[in-house]
Amino acid sequence: MWSASFENVAQFDHRRRWPNTAGAPHRVWQGFQTPVHSRRWIVADEASTSSGDACTIMSYNILADTHAWNHPDLYRFVPREAMRWDSRRRLIIREIRQWDSDLVCLQEVDKFQGIAAEMQQRGYECIFKGRTWDAEDGCATFWKSERLHLLEEDSIDFNEFNLWNNVAQILVFELNGSQKFVLGNIHVLFNPKRGDIKLGQIRMLLEKANALAEKWDGIPIVLAGDFNCTPDSAIYKFLSTMKLNISLHDRRQLSGLDSPEFGFYEPYRSQWSAREVRNATGYSNVMVARHPLKLCSSYAMLKGNSSNRGDHGEPLATSYHNKFLGTVDYLWYTRGLECSRVLDTLPLNALRKMRGLPTKEMGSDHLPIVAEFVFTERTQDDSEHEDDSEEEESEQDDESAQKATTSKHIYFSDSDD
């Protein structure tokens, strides 16, 4: 795991210095134009009775340079200039700086040291976890050292568990010397045909994050990342309801990325092998995958506009390229935290006019999502309500998961991935 220090990044170009913008978080970097499409904060209806300072967290898949050039079919309508890394990097850094988050969780980072050098100038420390095999990208987490102190770090190389070569980071932070919490950062496998692996990666992240939280006396958890599943999917239901009966589902349809237009759907239903069951649930003879966390999705908890929110309350789109327009990025959190505001996404009609991302104003094929969290006091009633909610899970819930639709997520053409 690579940690940023002056020695590690000093050899990189520091000419593009980041001035101190305290008190002016929405000012853009000199030389850049203001983004064409503005985004606004959605604030919780009721003011929270918090016991600590607020903490803002961004999750952002920045589109690895290697991926951008290896999949030209996804970016047919993107001007070549907008695909160049030096142009995209400036836009990505501008986007991060504009929202001035305390924590920034990036996925698909294959130019880490250059980004780390620029982020360090803004007062961030960082840790990078690269994927294995021949992959060049990984996950990177950045935090403002003046507000946050890293207490413990862990990571998951899913290759060690025969769950592909994706990675995740799990970190423990202390905010302003008082409040502690666990932060997870993950980029889940994309391949829709391998729902067993996608589910297994998420399950393992939740188990390890819970174990680390319990080690630190039950502190809250925030999970950020590109989960590569839509809000209509069975995997989303697993995250939000703590369990999933996989016998009711085809593994190729667990993530919601199985539309026939996307080129992955096959009309017949496959049988689960013992290995696939073990990947998904952890045991070859157990058909119900479970996890220990009562999770809330930050965006689903705050009501947005119908022009950019779907039936589940999630954004209609956090990612857009030639073959997909929909939501796969999330910020989940547990008890002990409340989401006080989120940065709303863009309306579908605005995205459609762009004909795909990146653009000359937006540096990735994903939108960054940002949420602000405040700490709350946990009561005995909270614990009892949590136990009751778990007991209320029923077979009817599992059956309804099979009826997931993709009406809010748009697929365009066949893919050979």
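A residue counts as buried when its relative accessible area is under 20%. In this predicted model, Asp-137 has a relative accessibility of 3%, so Asp-137 falls into the buried class. Asp-137 sits in the loop that links β5 (124-130) to β6 (138-144).

Beyond its neighbours within four places in sequence, Asp-137 touches Ala-64, His-67, Glu-108, Val-109, Asp-110, Phe-128, Gly-130 and Arg-131. Two of these partners are also reached through polar contacts between side chains: Arg-131 at 2.9 Å and His-67 at 3.5 Å. Thr-66 is 71 residues away from Asp-137 along the sequence, yet the two C-alpha atoms are 8.3 Å apart in space.

Elsewhere, two helices pack against each other. The axes of α6 (residues 195-215) and α8 (residues 274-281) are 6 Å apart and meet at an angle of about 30°. Because angles under 35 degrees count as roughly parallel, α6 is roughly parallel to α8. On the α6 side, the contact involves Asp-196, Ile-197, Leu-199, Gly-200 and Arg-203, which meet Glu-276, Arg-278, Asn-279, Ala-280 and Thr-281 of α8.

How confident is the predictor? The mean pLDDT of the protein chain is 85, with 77% of the residues scoring at least 70. Residues 9-36 have a pLDDT below 50, and the model gives this stretch 49 contacts beyond near neighbours in sequence. Residues 412-417 also stay under 50, with 24 contacts beyond four places in sequence. Where pLDDT is low, the predicted coordinates should not be read in detail.

Terms used. Residues numbered from 1 in each chain as written. Predicted model: local features only at pLDDT ≥ 70, side-chain atom pairs only at ≥ 80, totals over all residues. Heavy atoms only, no water. Helix = DSSP H or I, 4+ residues; strand = E, 2+ residues; numbered from the N terminus. Buried < 20%, exposed > 50% of the residue type's maximum accessible area, 1.4 Å probe, protein only. Contact = heavy atoms within 4.5 Å. Polar contact = N/O pair within 3.5 Å; in protein donor to acceptor, adjacent residues only side chain to side chain. pLDDT = per-residue confidence, 0-100. Axes fitted to C-alpha atoms, helices over the stretch in contact; angles between N-to-C directions. Parallel < 35°, antiparallel > 145°, perpendicular 65-115°, else oblique.
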